[in-house]
Amino acid sequence: MKNFKFLLLFLLPFISVAQQDTLSMQTYKRAAAFRTTSLRNKEVFNLRTSTYWFKDNSGLWFVDYASSGKRYKKVEFKKGNVEPLFDQEALADAISNFYKKSVSADSLDIENLEKEDENLFFSIKNQQFKWNDKNGKLTEVEKKTEEDNNEMLSVSPDGNWEAFPKNHNIYIRSKETGDTIQLSTDGKPGYDYGSYYGWFDIMEGENAERPVHFGVRWSEDGKYLFTQLCDVRNAGKMYLLDYSIDSLYRPKLLSYYRGSPGDTNMVHVKPVIFDMAKKKEIQTDLPFNTHINAANVRQATDAKDVAYASYAERGFQKEHLLKIDLKTGKTTSLLTEISATNIDNFNYWPLENTGKLLFSSERSGWNQLYLLDVETKTVSPLTKGNFVVNEVKQIDQKKGIIYYTASGVSADMNPYHQQLFKIDLKGRKTLLTPEKVNHEVDFSPNGEYFTDNASTVQIPTVTTLNKASTGKQIAVLTKADVSTLAEKGWKVPEVFSLKAKDNKTTIYGAFWKPTNFDPTKSYPVLDATYTGPHTQVFPKSFDRAISYQDLAELGFLVVAVDGLGTAGRSKAFKNVSYKNMGDNLRDHVLAIKYLGQQHAWVDTTRVGIFGHSAGGFDAGHAMLAFPDFYKVAVASSGDHDFRMEKAWWPEMYMGWPVDSTYNEVSNITMAGNLKGKLLLVHGGKDDNVNPSATFKFAEALIKAGKQFDMLIIPSQRHGYTGKYSDYFTKKRWNYFIKNLMGKETRWDFELE
């Protein structure tokens, strides 16, 4: 007994130290409480409101969330007032009676809501209902049968013909007589008319066939039938093994058609157009291209015998726009866009009764809108300036007015914050959302109204209904409420800017601090990365304000920054990463060092990084290209070697043909540079970014004698869901806590 007491006294100091070096359960719980899934519509409300337009163009409906519950509301355009969508208490009582169990009015969960006259149609799970608010009557509605929703039939606009696939060809059948006519004749297995490439067409087993697809479009007058020919006969596959089926004791082989950069054995497609009067194919010289640069056909709405087609050449450096004479099949070149780097935002819109096409281009160095005269082929700019046109939201064909969003127009605004404008064909422009915040707008089907989620990452969202022609506000629908979080000490992320690696361009970022932030302490940094050149990570709206707060609560500073080479700015800004994505993180390093110079509590000797998909490549690459700066990384579902990726993405941003630059930026070929701690994670059934690159990266690390950690989640695809997402979250938290913070971890905590 004396010996036991002596041993206990001897060990007490060490036990105390061990307890102090383990992150507290209180900290884990606080972090879990700040997960987005834990907060949204529970402690934070209306960060971004989705609105749904009634099909009869009479108004819209939405859900207003609050701590007391959610309320279904509507605005009828004639009235302009926010009102209850229905008697929520009465409907809750009716649903309670139907299911023979109590349903709270504040927690009604209905989907697929539509209004027809005095009735509302909606679903609860898989049951369909009709509700009449005036008489309080709830009626169960029969589900539509498969025959009512037959995707293998397409009926002509006049209802006289129906098109369908048979034996790899397209047939039409008279609805009146039942007579059948075969339109195509040379279809065969793997060479299918009316089919298309399905990005996630999973095939099970050794010799399985891909899922059957059918898709056609009729011209408005029914004179033409537009479809395509899909050829998979020589297409290469990628493979997966599914180990996750409990009842199987050997893995199931899965495959899908997917080409890698430079491959020629890919799925090929060609547009096909049928003349319905002659019941024959119109012969054109449209190309039989790979599915990643397929020609797309769009019919003119004001010229019944004219269509347009656009396609990119392999490598995405040349884009073609053609006119098709549907009477003869003759094609005429209208426009050829050429870029020394890439073209990844080309689009066009026929403008009715004008003889012009609207198209977008970065030919000036900024994404702008242009008018193309179809007869003379002359091009004139519609918008001008050193700003970015983000998206054409709506076109009023009768009045010749284009509604579009643009960012960077005002020099005193953040360049990522977009506003809504309208412009006529003479170039007369009007700003419709003058508030100097970010505006995310959605137009009604008839184009007369739009909703606006207006915010920044630091200014809470106000969602409004507005008149499209003037921008005038009709009603305030919701306002974001984060008062509960504010009472807990939460503050919005801080925004910062600095000069990029070229020493002249301003780049932007934001960072999150823990609610118990202490300026006398020193905090390790986590870089939340995704430098995929097609997008940006700067949080421009308020719904992103809580994105990384859970990680911050663990005791980290979380940084999100967009360096040179990402989207949303000038063409020159984005071009920096072309064939050079291995250097995308240099601006991240500069940004974190800049924060360290500005704030004593930023510990730039303890920097970690995490990212998913292209961000997973970043996280792995950080440890190899900047091994003395980044100490810990979690790389999930990463495309670690672009030569093993889906063809279009690397060919767009790394170029075509495949050259030495692919090798130079590969994480696999750089594996020997690893110094810090790296966790590789991948879903075993990932049919977007195949796990093979992660396996090959692991193989290279082993050959180089490098220590690393690895987690394969057998049942998961590109995104992790449910309990698997929770498992990954706990794993990622603990990896940074142990290796970057230097604390012992625990697993006995709940995320909910």
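Predicted model: local features only at pLDDT ≥ 70, side-chain atom pairs only at ≥ 80, totals over all residues.
Strand β30 gives the most to the lining of the second largest pocket, with six residues.

A set of 30 residues lines the space. Nearest the centre of this pocket lie N367, V388, V389, N390 and E391. Strand β30 spans 388-396. Other elements also give two or more residues to the lining: β26 (347-351), β31 (401-407) and β34 (438-443). Sorted by class, the lining of the second largest pocket holds 13 polar residues, nine nonpolar and eight charged.

Now turn to the largest pocket. About 730 Å³ of space lies within it. Its lining counts 27 residues. Look for S547, Y548, F610, F728 and R732, the lining residues closest to the centre of the largest pocket.

Which elements each supply at least two residues of this lining? They are α3 (36-39), α6 (549-553), β42 (602-612) and α13 (722-741). Helix α13 brings the largest share, four residues. By class, the lining of the largest pocket has 11 polar, 10 nonpolar and six charged residues.

For the second largest pocket, go to β30, with its six lining residues. For the largest pocket, go to α13, with its four. From there, the residues closest to the centre of the largest pocket, including F728 and R732, can be picked out. In the second largest pocket, V388 and E391 are among those nearest the centre.

Conventions:
Residues numbered from 1 in each chain as written. Heavy atoms only, no water. 1 Å grid on protein atoms, 1.4 Å probe; cavity = no way out; pocket = protein on both sides within 12 Å on 5 of 7 lines; lining within 4 Å. Points joined across faces, edges and corners; volume = space filled by probe spheres on them. Nonpolar A, V, L, I, M, F, W, Y, C, P; charged D, E, K, R; others polar.
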